[in-house]
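Please keep the sequence and the model in view while reading.

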Amino acid sequence: MSEKKIKYDKAYLRIAKEWGQLSYCERKKVGAIIVKDKMIISDGYNGTPSGFENCCEDEDNNTHWFVLHAEANAILKVARSTQSCEGATLYITLSPCKDCSKLIHQSGIKRVVYYNEYKDTSGIDFLKNAGVEVQLINDLNQ
């Protein structure tokens, strides 16, 4: 992989990491950026759906079932716009779960770059089997 591509990948991951800090979730703050043709076309972070109280966890610190993952939020923003994810790259701070991996593949995203690995890697395995390029970059220094 070219040095320039790695430099851009790290920059977009840093943006996703910063975006994740906007999340109201206490346990995990996950950010996502979708890039197509060298332009950011969407962003997202994990949180509750529009109109819901910004509280992601219950009294036992378990995540509410209705909390949207960062990549789902970013993909849904694209779906509501005139853009398309076809051929895009998703930058995300935590590797996608198996449910989000289906959304990623179905949306046409062709590449996923992530910073941390989720405990269940079946989402990454699914993406690889679907022909989506996946890459872990856990060092964001220049």
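**Salt bridges**

The model is predicted, and it holds four salt bridges.

| Pair | Closest N and O atoms |
|---|---|
| D9 and R111 | 2.6 Å |
| R111 and E133 | 3.2 Å |
| K102 and D99 | 3.3 Å |

D9 forms a salt bridge with R111. Because D9 belongs to helix 1 (residues 3-20) and R111 to strand 4 (residues 111-116), this pair ties together parts of the chain that lie 102 residues apart in sequence. D9 is buried, with a relative accessible area of 1%, and R111 is buried as well, with a value of 7%; both figures fall under the 20% that sets the limit for a buried residue.

R111 also forms a salt bridge with E133. Here the partners are found in strand 4 and in strand 5 (residues 133-136), so the pair ties together parts that are 22 residues apart in sequence. Whereas R111 is buried, E133 is partly exposed, with a relative accessible area of 38%.

An α-helix has 3.6 residues a turn, so residues three or four places apart point the same way. K102 is partly exposed at 46% relative accessibility, and D99 is likewise partly exposed, with a relative accessible area of 47%.

**Helix 4 and its surroundings**

Which residues of helix 4 (residues 122-129) are buried? They are G123, I124 and L127. Seen down the axis of helix 4, these buried residues fall within an arc of 100°, and they therefore line one face of the helix. On the other side of helix 4, K128 and N129 are exposed.

The buried residues of helix 4 pack against helix 3, strand 4 and strand 5. Just after helix 4, G131 takes a positive phi of about 90°.

Terms used
Residues are numbered from 1 along each chain as its sequence is written. This is a predicted model: local features need pLDDT of at least 70, side-chain atom pairs count only at pLDDT 80 or more; totals for chains, interfaces and linings use all residues. Side-chain values use heavy atoms; hydrogens and water are left out. A salt bridge is a side-chain nitrogen of Lys or Arg within 4 Å of a carboxyl oxygen of Asp or Glu. Helices (H or I, at least four residues) and strands (E, at least two) are DSSP runs, numbered from the N terminus. Buried means under 20% relative accessible area, exposed over 50%, partly exposed in between (1.4 Å probe, protein chains only). The arc is that of the directions from the helix axis to the C-beta atoms. Contact means heavy atoms within 4.5 Å.
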